[in-house]
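Hello,

Please find the structure below, followed by some notes on what was found in it.

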Amino acid sequence: MSEITLQIDGKQVQAREGMTVLEAAQSAGIFIPTLCHHEKLEPYGACRICTVEVEARGRTNLVAACLYPVEQNLVVRTRSEKVDKTRKMLLELMLAHAPDAAELQDLAQEYGVDKARFEKESSFCILCGLCVRYCAEVKKKNAIGFVDRGARREISFIPEIASKECWNCKECFPLCPTEALQAAFLLTKALTSPSPPSAPE
Amino acid sequence: MPKINSPAELEKLRKGILSRRDPNKPCIAVCTGTGCLALGADKVVAALKEAIKKHGLEDKVDIKETGCPGFCERGTVVVIYPEEICYLQVQPEDAEEVISQTILAKKVINRLLYVDPTTSDHAVRESEIPFYKNQMRLIIGSNIKLDPKSIDDYLALDGYSALAKVLSQMTPEQVLEEVKKSNLRGRGGGGFPTGRKWEECRNAPGEVRYVIVNADEGDPGAFMDRALLEGNPHSVLEGLSIGAYAIGSHEGYVYVRQEYPLAIENVTIAIKQAEEYGFLGENILGSGFDFTVKVHRGAGAFVSGESSALMTALEGRVGEPRPKYIHTAVKGVRDSPSCLNNVETWANVPLIINKGADWFAQIGTEGSKGTKIFSLVGKVNNTGLVEVPMGITLRDVIYGVGGGIPGDKKFKAVQTGGPSGGCIPEEQLDMPVDFDELAKAGSMMGSGGMIVMDEDTCMVDVARYFLDFLSDESCGKCVPCREGIRQMLKVLTNISRGKGKEGDIELLEELSQVTKDASLCALGKTAANPVLSTLHYFRDEYEAHIKEKSCPAYVCKALISYYIDPEKCKACMICLRQCPTEAIAGGKNQIHVIDQEKCTKCGTCFEVCPSRFGAVRRISGEPVPPPIPEEARMIARESKEK
């Protein structure tokens, strides 16, 4: 494995080929916020909150740190006016769905989100896909998946699988940054194990 | 059919086919592309066959069901060889006359010809019709000359000669150099240099390499790839095979959307024929080169036209873009180097090989070579597929080829590049059609959609339409695209409903920037273009909607009203009878009045009010005058008074 030197926030950082900017930053103790990233899972690049500014071959670009591969002499800025502005807007967009999520609230404070500009549509889910991917990649059960696409995309437990697998696992619950997962599961549970026809009192 | 084992055998076969064809034998070519089929081309063919039978001409006249020649506005298109007489809007009822007059009596039927709207001159041949005359039809011109289900037809037009040349006379490196030298750029959207993509794929590490045809065309109003794949599938396969040889690939795919059944049918037949003849398969033309092609039907998601999403879909998974900072040419299908090019790009390749890169590179501009096929649609007289040399001005396309705007309306904008493109206004019409120029104007070449809009188009509504499309078609994976589009659409919808507020334009700009900067794939990165370009060129229209609650084009229903001018109304009852919601009060000799509560703003009254009265007015941005009192509504008609 060849050694690569890059610069993150003015600091020289050593990394190995094939590492991402996020991994290199983490190894050097430099913090980059993430929401959809999990070290046990394949990089996904959906929440974009890890957006950083990179300078390579004379061009400056915004890229997702969790995906962008390190290269020799790469210059990375984890905070800049543009990065902060982008993260702020991304947070505002996500907060419209999960206004009470603690993780989002903390970041919102950091990036100066002071008022809600977007109408609340509390689906509680920001579609980070941690549950879906954890179930598929680690547990290999596929008990939860995405349905539909675009603005209508949502997560849904697959009742046939969920009714067998989930009750004793629930390992995805603590991964959820917004607690939407629990609500989705309770709904599925109610649907898959309906209470017996209510007898007259 | 025994396999063809060498270029010499191919030439022998071609000579055989040509010698069996009498160039003077009448042949009636009927477009049976999807557009003309929808107009009943199959019935025209049946009627022609019937008439031929009736006259006992079965052996004397050929009938050919061809692909789309492009003049969809005037379908069903029929061309009669050898004279090349071009009949438009042919109906089954015309069949008898076509046979008895044109075939037997050698007379041209005037009423089926193209009539020039200004000079009233009749054009007999295709090449005399301005729509065709002003084009350069290198790629699509063959469509009307061949039956896409017949490989012999393709061979008769010199088909597979480029493949034979490449396999027998050129090394893969030479092919690559030739394509690089031609400066061919991808016709699917981004305009990436094709030769460089091929080279990157060829040089990428890996055992297996794939070449793929992108036929996932999904832009609203675009159908050029469908017409090519339907109309001349062998030309695409030949280009693909040449690319495979240059890149070192032995497996190819045609990724075509399920909504294109005829394209799927024709390309599937073409593959089978090419395998039988030995243009696909093992040891092609005795060269030792092996190459097979499979058709993959896509489920019809717009985002699957994006390279990494297409490849994910090809692997059998949901078509979502992959996180990538590595080109699919290096790591694509099943992580192998994969070269994806658009239908039209592949179709250009045989031409470049046959005529040479130098010939190709002399067509077009410095940065954009060759021709480009556009779907010219919207408010333009000649809608259809047009192929023009790069560098032609937008004005020449819209007015020269397209015949201008119907109904003496004023041109307002042309939208190029589909949902990722932008709207270009009147003052930029002399801009040359060129990848870089279009991008500079805030639009893009895209795959070649060209939607012409006249003065009755509201630009806020146009932006809203495209964002609505994208909010359905985004895969929904990443936040900036999914949520950015969702919020931009909300703002635009509010503005068009009269709920726009101060700061909306700035919010749109801010959302556009983040969507552009932070999205995962090209769909998201370009999704804001319809908003940004309309904001750039038509900001005043946004401001009118927001500040004056007025829609200057009278499109946004929430902002317009219809009003009958009591001074002009002659109580003719026409609008009153036609109003679908019975919102118009009045009667004989009684001035008509619109009940604004009941009115759904369909505009029927405005359209049907006789122009000599012109009593119905559209109002936007100002209050509707109160209805005149009932007692004042009687019209005294002196002549009719007793």
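Salt bridges and the chain interface

In this predicted model, Arg117(A) and Glu510(B) form a salt bridge through their side chains, at 2.7 Å from N to O (a salt bridge is a side-chain nitrogen of Lys or Arg within 4 Å of a carboxyl oxygen of Asp or Glu). The pair joins two chains, because Arg117(A) lies in the loop between helix 3 (102-110) and helix 4 (130-138) of chain A, and Glu510(B) in helix 20 of chain B. Helices here are DSSP runs of H or I with at least four residues, numbered from the N terminus. Arg117(A) is partly exposed at a relative accessible area of 29%, and Glu510(B) is partly exposed at 26% (buried means under 20% relative accessible area, exposed over 50%, partly exposed in between, with a 1.4 Å probe and protein chains only).

On the numbering and the cut-offs: residues are numbered from 1 along each chain as its sequence is written, and chains are lettered from A and ligands numbered from 1 in the order in which they are written. Local features need pLDDT of at least 70, side-chain atom pairs count only at pLDDT 80 or more, totals for chains, interfaces and linings use all residues, and side-chain values use heavy atoms, with hydrogens and water left out.

The contact between the chains involves 32 residues from chain A and 30 residues from chain B, where contact means heavy atoms within 4.5 Å. Together the two chains bury about 2800 Å², 56% of it on carbon and sulfur atoms; buried area is the accessible area (1.4 Å probe) that two parts lose on being put together, summed over both. Within chain B, Tyr325(B), Lys477(B) and Val479(B) lose the most area to chain A, together 22% of what that side buries.

Eight salt bridges cross this interface. One of them links Glu121(A) to Arg486(B), with the closest N and O atoms 3.6 Å apart. Arg486(B) also forms a salt bridge with Glu483(B), at 2.8 Å between the closest N and O atoms. Glu483(B) and Arg486(B) are three residues apart in helix 19 of chain B, so about one helical turn separates them, and both are buried. A network of salt bridges links Glu119(A), Glu121(A), Arg482(B), Glu483(B), Arg486(B) and Lys490(B).

Within chain B, Asp358(B) and Lys181(B) meet in a salt bridge at 3.8 Å, N to O. Asp358(B) lies in helix 15 (residues 357-361) and Lys181(B) in helix 8 (residues 172-182), so the pair ties together parts that are 177 residues apart in sequence.

Regards
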